[in-house]
Protein chains: 4
Amino acid sequence: MAGNSFGTKYKVTTFGESHGEGIGGVIDGCPSGIALDFNQIQVELDRRKPGQSAIVTQRKEPDEVKFLSGIFEGKTTGTSIGFFIPNTNQKSHDYSDIKNTFRPSHADYVYDKKYGFRDYRGGGRSSARETAARVVAGAIAKQVMPTISIQAYVSSVGNIKVEKPYTELDLTLTESNAVRCPDLAKAAEMEMYIKQVKKAGDSVGGIITCVIKNVPVGLGEPVFDKLHAELGKAMLSINAVKGFEYGSGFAGTEMLGSQHNDLFNADGTTKTNFSGGIQGGISNGMDIYFNVAFKPVATLIQNQEVLTNEGEIITLHGKGRHDPCVVPRAVPIVEAMAAIALLNFM
Amino acid sequence: MAGNSFGTKYKVTTFGESHGEGIGGVIDGCPSGIALDFNQIQVELDRRKPGQSAIVTQRKEPDEVKFLSGIFEGKTTGTSIGFFIPNTNQKSHDYSDIKNTFRPSHADYVYDKKYGFRDYRGGGRSSARETAARVVAGAIAKQVMPTISIQAYVSSVGNIKVEKPYTELDLTLTESNAVRCPDLAKAAEMEMYIKQVKKAGDSVGGIITCVIKNVPVGLGEPVFDKLHAELGKAMLSINAVKGFEYGSGFAGTEMLGSQHNDLFNADGTTKTNFSGGIQGGISNGMDIYFNVAFKPVATLIQNQEVLTNEGEIITLHGKGRHDPCVVPRAVPIVEAMAAIALLNFM
Amino acid sequence: MAGNSFGTKYKVTTFGESHGEGIGGVIDGCPSGIALDFNQIQVELDRRKPGQSAIVTQRKEPDEVKFLSGIFEGKTTGTSIGFFIPNTNQKSHDYSDIKNTFRPSHADYVYDKKYGFRDYRGGGRSSARETAARVVAGAIAKQVMPTISIQAYVSSVGNIKVEKPYTELDLTLTESNAVRCPDLAKAAEMEMYIKQVKKAGDSVGGIITCVIKNVPVGLGEPVFDKLHAELGKAMLSINAVKGFEYGSGFAGTEMLGSQHNDLFNADGTTKTNFSGGIQGGISNGMDIYFNVAFKPVATLIQNQEVLTNEGEIITLHGKGRHDPCVVPRAVPIVEAMAAIALLNFM
Amino acid sequence: MAGNSFGTKYKVTTFGESHGEGIGGVIDGCPSGIALDFNQIQVELDRRKPGQSAIVTQRKEPDEVKFLSGIFEGKTTGTSIGFFIPNTNQKSHDYSDIKNTFRPSHADYVYDKKYGFRDYRGGGRSSARETAARVVAGAIAKQVMPTISIQAYVSSVGNIKVEKPYTELDLTLTESNAVRCPDLAKAAEMEMYIKQVKKAGDSVGGIITCVIKNVPVGLGEPVFDKLHAELGKAMLSINAVKGFEYGSGFAGTEMLGSQHNDLFNADGTTKTNFSGGIQGGISNGMDIYFNVAFKPVATLIQNQEVLTNEGEIITLHGKGRHDPCVVPRAVPIVEAMAAIALLNFM
């Protein structure tokens, strides 16, 4: 269970640390003959990259991907696709502060206990920078299934929540604002709040809703590899995620069966969709939709108690740049993991 | 991705339908030399079985497990453990009603589309009866890790919710009532409500909270196979589950980082535990706790519209017995899947 | 790496010991809608079973398989197929001899060291009886791919060798004699030799050749999961196998490239077939053929030195029945594993 | 079954084509804290690289590996190790000849049929250049298990065969000659023969023997994942391999059980070792030894018939450089795959 691969049919293996040479991966199982749109892959990386707006971390990384194999004359060959995104922003930083300390709610402590030592620079392998590789693999997965639409958006930041269901929103507005929220009034509110949080050197969490349309009937396996179980695992593997619900989700626990059952239309579609497009673990052709909960990221620009490796509690002031709200940048990551999970069933 | 196995190191493969010969499984990877407590395995099965109280389905099944291999002189041999639970309650029922109809929010429709036909008797492989095999595998997993405590309980039914966190509850009271809720006042309320729902031939959902204590530091893999991602997949693979959250969960999205970060004590434990015992996907030695959301089961004893395989909508009255609230019986299943997922990392 | 499963798409998991309740397995990934010919499955089991002729072990086992799930109205449902073959010949034997001794070239010693103790009755899990489960899974695999022909035969026993290549033999004669050798003159010689070996309480090895016809072009994956690598692993996983070669095999090492290269015909077939139907790990549509080497089985009815668990060397006389030449009975096992391996690529 | 990964615990995934950017891989599951000897890794690569002697292909490639992740301050961190070996010898060659033709006994034809098109430059993914990545992963695996010795050597070329068993050879002489044969008289004979074959633009096959010493008792899983089955698969996945045998191998089929059984010494070692260090699929602590058969490589510098993609047979003269005997360069690859397979059981 080494844990750096996801998927069986379309298997993605990633490597890389935030402050090493770079981030990369291998995609094994991509069908042959797909003419890749490289611009679109870069567009997805740009949606994830730091420094893209005033409300995300200001670290500058171009995040340009170089493909190393598996592509010939612009098309996938069916063999493994290696790729690499060099780190360009590795400052010769002074890490003496964090080298011997464990920051609260970071992976420092557990890495040290599990592996005996760690690459302490910027979080090493536990850095969210690893997700850049997922975005590449997801962008290709989307291109393999061009008829399926996967759209995620920010549905809450702190306690500012979009009240409308996705069916009443215009999802083409998602990219129109820095928060990636298609409810523009809420987006403005969220943006203001994030700026305020940023100013305080603090961070805040939020929720991403993802909607998948045009899924064929029959994807998913009935018992352990239910479609939503794989989607859930995919989402829970993203840094900072604390929860996953699909269809009626946690709110559905309060409903009666007579309210919750999705009655059929004569064509096999359903009148309601509390099931979230999945019944018995298998897609039924209706929209799949789910929510992903992100905690506030643990890096703060404030005084905070840390534990030293000699068992002392000391106070340090966080320095450098931080992400006051990781949720807008996580939107393309959620879409990427949804695409990867889905393609494994096709 | 055939989907009837869970795990790699401690791999559980299940088979069986609700109205066939029975339910069974194979456990591959169980350590050798474990002296099994067979009574305790039966106790866990009895916690799951139908007919155990007035608030669950009244179908009678003894659910006695027969071990077929992998055990010699009462101890595991390290080879694969085959087991079987015969179905004893297969009445020669009249299935003509459901043979040609798709019940709402059941797996009937998607099975038919995916496989071309289906075992229509009582849900076939999609029946929750499959979970009996999980309970066997989980009961053995618990015995392999006797120092780890895994305790689940019902924390809500409909909108009746236990308000106290698990740390303020006496979990030894869980089995004292039919609902498996350690808050006895709430338990009484829930029981009354479920009886009322049952009388109406309806069903209701709920939430199970699970607490795992004494987990060693270092379980879990950093990227895709994070400990909580595997726990999440394990839970989402249980019938009727719609959501999973751990630690602060969805509520954590409303917090600031400065509130959410778990400050260290000098011994490496933390003052708070919003992280839910897992940081960066790896256990930190604190309690692991999570919530699992169950929808109301779809089988009702009411009039309901169904779709025929000829594309007609007709009204049928549900018959037989039904589970007005599956949540109390799901408590041992949640514990079993938690044990199986955890053992895969040990 | 618990090791009791083979395959990914068509995954076979087996369990059971020679002297426990029985032998069984689970097939996960069998396509739905296959109308099974149960007689044919029994025919394959009968080809493997003990007591079928004068030259194999005289232990009597009917080897009747009972299917427990995954089949409805005679057809596979696409869900997992559980099956069980009860042991009927478990005499209350006196095992005091072998309980505390390790027989030479058996698995006794390594099992004891690896697992701390063992089911000492008749070899436990290491018994070739386990292969009965493979035969069931292989018989079903054959029925899933009815257009592909898989035929194995005995091509040598001791130093009695069929000299002709398979292309010059009439493979319909294979089942006409107890040795399963289509060269009838050689078959008679082999049979006489095996009887002589049996009389001496000794055993002898041999080689099985397997021929697969009508394989579509394109099966196999180019790097690690080459078609012949999976076939090789499948064969090497059978008890008593010491070697595998395909196409020109070990003899091909003596050839020049200009002799060995298979020149094309205009239709893509080749004039020769030293490649054995596989190029670069991928089937090319020509016949696949390979050889599997079996050692003489270690159980003898002679005086033999054994090691006690107290570190003494003592002499015991083997008792009971033994298989003077396991090769004829291994023919259906080779075919079964070939079918299972192949189906995983289709 | 995408096929570009080997192993579960120590999982190696490779990518790259002979004439693309380069060759690389990801190692997932390497233990943390291993201080790597980078020189030794380069030594292994140099043993495999082209141009190292007069009897191998004269293509020049430095084969320098760059590590991209998973190593910090010279030690493995326990996270995934990405690495890359750039291609430096990609001449802007004229491929018009081979673009539209299928060479005999190459993978051209099957790749084209399987994937619809192919990277026709120098064999693409089917090139033996891929094995450079295996050598890197194997060199690291060796360093993870420093007490285990893995030594391979050339035991035959064409029909020139080392007659002595490995126990009578001085394996420290293996690297003393270009053929990598520790029997110096035979080595000289082989070298002369290979030069003669080379001059004729032809190629010849051979056999590599591999010996593993100091293996702990108990490695391997009893049923499908027998130690020798994994070793066999590992070897059969190497380009040009046609066969695998361990211990007594094919010759053992001619022996009687009374000759073949390895009698015990009082300390659990055995007097003979026909078993090849493995009993019932599990290592018994004796030396593991096996043979790997390599066919003559298909690329010739001679006139040869090829098939065009328009279904014509034409004659082409092979051009460029070729490997008259791949076996000496395959010695480090056999060792690498043996190390990788073994580490997966530790």
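Biologist: Leaving aside neighbours within four places in sequence, what is Asn177(C) in contact with?
Modeller: Leu184(C) and Ala187(C). Keep in mind that this is a predicted model.

Biologist: Where does Asn177(C) lie in chain C?
Modeller: In a loop. The loop runs between strand S10 (160–161) and helix H5 (184–199) of chain C.

Biologist: Is Asn177(C) buried or exposed?
Modeller: Buried. The relative accessible area of Asn177(C) is 14%, and buried means under 20%.

Biologist: And which side chain makes a polar contact with the side chain of Asn177(C)?
Modeller: That of Ser176(C), at 3.4 Å.

Biologist: Switching to chain B. Where is Phe15(B)?
Modeller: Phe15(B) sits in strand S2 of chain B, residues 11–16.

Biologist: Buried or exposed, that Phe15(B)?
Modeller: Phe15(B) is buried, with a relative accessible area of 1%.

Biologist: What is Phe15(B) in contact with, leaving aside neighbours within four places in sequence?
Modeller: Residues of chains B and C. From chain B there are Gly22(B), Ile23(B), Gly24(B), Gly25(B), Phe83(B), Phe84(B) and Arg125(B). From chain C there are Val26(C), Leu68(C), Ser69(C), Ser80(C) and Gly82(C).

Biologist: How many Å separate the C-alpha atoms of Phe15(B) and Lys142(B)?
Modeller: 21 Å. Along the chain, Phe15(B) and Lys142(B) are 127 residues apart.

Biologist: Through which surface do chains B and C meet?
Modeller: The copies meet through the same surface, because 98% of the interface residues of chain C are also interface residues in chain B.

Biologist: Last topic, helices in chain D. At what angle do the axes of H1 and H8 cross?
Modeller: Roughly 140°. The axes of helix H1 (residues 38–48) and helix H8 (residues 327–343) of chain D come within 7 Å. H1(D) and H8(D) are therefore oblique to each other.

Biologist: Which residues make the contact?
Modeller: From H1(D), Glu44(D), Arg47(D) and Arg48(D). From H8(D), Arg329(D), Val331(D), Pro332(D), Ile333(D) and Glu335(D).

Biologist: How many of the residues in that contact are charged?
Modeller: Five. Three are nonpolar and none are polar.

Methods
Residues are numbered from 1 along each chain as its sequence is written. Chains are lettered from A and ligands numbered from 1 in the order in which they are written. This is a predicted model: local features need pLDDT of at least 70, side-chain atom pairs count only at pLDDT 80 or more; totals for chains, interfaces and linings use all residues. Side-chain values use heavy atoms; hydrogens and water are left out. Helices (H or I, at least four residues) and strands (E, at least two) are DSSP runs, numbered from the N terminus. Buried means under 20% relative accessible area, exposed over 50%, partly exposed in between (1.4 Å probe, protein chains only). A polar contact is a pair of N or O atoms within 3.5 Å; within protein, one must be able to donate a hydrogen and the other to accept it, and residues adjacent in sequence count only if both atoms are side-chain atoms. Contact means heavy atoms within 4.5 Å. Axes are lines fitted to C-alpha atoms, for helices over the stretch in contact, and angles run from 0 to 180 degrees between N-to-C directions. Angles under 35 degrees count as roughly parallel, over 145 as roughly antiparallel, 65 to 115 as roughly perpendicular and the rest as oblique. Ala, Val, Leu, Ile, Met, Phe, Trp, Tyr, Cys and Pro count as nonpolar, Asp, Glu, Lys and Arg as charged, and the others, Gly among them, as polar.
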